[in-house]
Every structure is written in structure tokens, then in C-alpha cells.
Amino acid sequence: MKLYDLLEYATANPFVGIVSSLDFHIKEVSVAVNASNTSSIFTNSLVRQLTDLNKLLDSAFNWNVPDPKLRSDLHGALPVILKHVASAITALTSNEGPSVAHSHLMTARSVAVKRSHLTFGDIE
């Protein structure tokens with residue numbers, strides 16, 4: 001899928017953009033999980049990336065979603081998703097490790113997929 005197509009779908013359904021963003025960050029954290037030596041520079045970079053994701057998700061409350069059911073589902077899912085992204089950031093900053101952060105991001109993704117009523121491929 002091309003980036004243009006992704007952006008087009010994301011404008012039709014905000015969950016497409018949210019799940020795609022979560023997928024990207026899950027893959028980034030997966031690299032840290034599989035790395036034998038996670039340096040503080042790498043961890044700080046992951047924290048900054050997840051902080052940016054948190055800002056994007058926080059802004060989603062202000063997104064213009066014309067369909068009332070979709071808007072309701074989005075606003076219902078966002079607090080839970082934000083909570084898990086914040087927990088992932090905390091896991092990285094408190095030295096719980098990237099594997100704990102990864103599990104929080106996977107939980108956030110599963111919430112987003114469930115609330116979207118769409119079918120997304122599995123991520124490994």
C-alpha cells in the first residue's frame with residue numbers, strides 16, 4: 001500500500017491512521033526487544049517517538065469525524081489507547097524494558113482494531 005492510499009483511507013476512517021501509526025511504533029519497539037544491547041540513545045529515541053504518537057492520539061479528540069457512530073467509537077477508544085501508550089513510555093523510562101512497552105502497544109492496537117470494526121492484518 002502506498003502512503004497516498006494510506007492517507008486517503010485514514011481520512012475516511014481515523015482508526016486506519018491510528019492502527020497504522022501503532023503498527024509502525026510496534027515494529028520499532030520490536031527492534032529494541034530483539035536487540036541484545038539497548039543503549040540509552042536508542043531508548044531515548046523510542047521515548048521521543050512514543051511521545052509524538054501520544055501527541056497525535058491526543059489530538060484525535062479534535063479530529064473532524066462526520067459519522068456520529070464512528071466519532072463515538074473513536075472517543076470511547078482513545079482514553080484506553082492513550083493509557084497504554086503512556087504505560088509504554090513509562091516502561092521505557094523506568095527500565096522495565098522494551099518487552100513491557102511492546103505488550104502495552106500491542107494492547108493499544110488490539111483496542112483500536114476492536115473499536116474500528118475493520119479487519120487489519122496481524123502484526124508480529
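Biologist: How many helices and strands are in the chain?

Modeller: The chain has 5 helices and 0 strands. This is a predicted model, by the way.

Biologist: How do the elements run from the N terminus on?

Modeller: They run α-α-α-α-α.

Biologist: What share of the residues counts as buried?

Modeller: Of the chain's 124 residues, 39% count as buried.

Biologist: And what share of the contacts joins residues at least 24 apart?

Modeller: That share is 68%, among contacts between residues at least 6 apart in sequence.

Biologist: On to packing. At what angle do helix 2 and helix 4 cross?

Modeller: Helix 2 covers residues 14–34 and helix 4 covers residues 68–93. Their axes cross at roughly 15° and come within 11 Å.

Biologist: Roughly parallel or antiparallel, and why?

Modeller: Angles under 35 degrees count as roughly parallel. The crossing is at roughly 15°, so helix 2 and helix 4 are roughly parallel to each other.

Biologist: Is that crossing left-handed or right-handed?

Modeller: The crossing of helix 2 and helix 4 is left-handed.

Biologist: Which residues meet there?

Modeller: Helix 2 brings P14, F15, I18 and L22. Helix 4 brings L70, D73, L74, A77, L78, I81 and V85. By class, the residues of this contact divide into 10 nonpolar, no polar and 1 charged.

Biologist: Tell me about D73. Where is it, and is it buried or exposed?

Modeller: D73 is in helix 4. Its relative accessibility is 11%, so D73 counts as buried.

Biologist: What does D73 touch?

Modeller: D73 touches F15, R115 and H117, leaving out residues up to four places away in sequence.

Biologist: Now helix 2 and helix 5. What is the angle there?

Modeller: Helix 2 and helix 5 pack at about 160°, and their axes are 9 Å apart. That angle makes helix 2 roughly antiparallel to helix 5. The crossing of helix 2 and helix 5 is left-handed.

Biologist: Who makes the contact?

Modeller: From helix 2, the residues include F15, I18, L22, I26 and V29. From helix 5, they include P98, A101, L105, A108 and R115. By class, the contact of helix 2 with helix 5 has 15 nonpolar, 5 polar and 3 charged residues.

Biologist: And helix 4 with helix 5? How far apart are the axes?

Modeller: The axes of helix 4 and helix 5 are 8 Å apart, at an angle of about 175°. That makes helix 4 roughly antiparallel to helix 5.

Biologist: Which residues are in that contact?

Modeller: Helix 4 gives, among them, D73, A77, I81, V85 and L92. Helix 5 gives, among them, P98, A101, L105, A108 and R115. The contact of helix 4 with helix 5 has 14 nonpolar, 5 polar and 2 charged residues.

Biologist: Let's go to the largest nonpolar core. Which members touch the most others?

Modeller: Those are I18, L22, L57, I81, V85 and L105, in a core of 31 residues.

Biologist: Which elements give two or more residues to this core?

Modeller: Helix 2, helix 3 (40–59), helix 4 and helix 5 (98–116) do. Helix 4 gives the most to this core, with 11 residues.

Biologist: Pick V85. What does it touch?

Modeller: V85 touches L22, L50, L53, N54, L57 and L105. Residues up to four places away in sequence are not counted.

Biologist: And L92, buried or exposed?

Modeller: L92 is in helix 4. At 4% relative accessibility, L92 counts as buried. Leaving aside neighbours within four places in sequence, L92 is in contact with T43, L46, V47, L50, G97, P98 and A101.

Biologist: How far apart are the C-alpha atoms of L92 and N44?

Modeller: They are separated by 8.3 Å, and L92 and N44 are 48 residues apart along the chain.

Biologist: What about S21? Where does it sit, and what is it in contact with?

Modeller: S21 is in helix 2. S21 is in contact with L53 and L56, leaving aside neighbours within four places in sequence. Its relative accessibility is 19%, and buried means under 20%, so S21 counts as buried.

Biologist: Last one, K114. Buried or exposed?

Modeller: K114 lies in helix 5. K114 is exposed, with a relative accessible area of 68%.

Note on methods: Residues are numbered from 1 along each chain as its sequence is written. This is a predicted model: local features need pLDDT of at least 70, side-chain atom pairs count only at pLDDT 80 or more; totals for chains, interfaces and linings use all residues. Side-chain values use heavy atoms; hydrogens and water are left out. Axes are lines fitted to C-alpha atoms, for helices over the stretch in contact, and angles run from 0 to 180 degrees between N-to-C directions. Helices (H or I, at least four residues) and strands (E, at least two) are DSSP runs, numbered from the N terminus. Angles under 35 degrees count as roughly parallel, over 145 as roughly antiparallel, 65 to 115 as roughly perpendicular and the rest as oblique. A crossing is left-handed if the near helix is turned anticlockwise from the far one by less than a right angle, and right-handed if clockwise. Contact means heavy atoms within 4.5 Å. Ala, Val, Leu, Ile, Met, Phe, Trp, Tyr, Cys and Pro count as nonpolar, Asp, Glu, Lys and Arg as charged, and the others, Gly among them, as polar. A nonpolar core is a set of buried Ala, Val, Leu, Ile, Met, Phe, Trp, Tyr and Cys residues joined through side-chain atoms within 4.5 Å. Buried means under 20% relative accessible area, exposed over 50%, partly exposed in between (1.4 Å probe, protein chains only).
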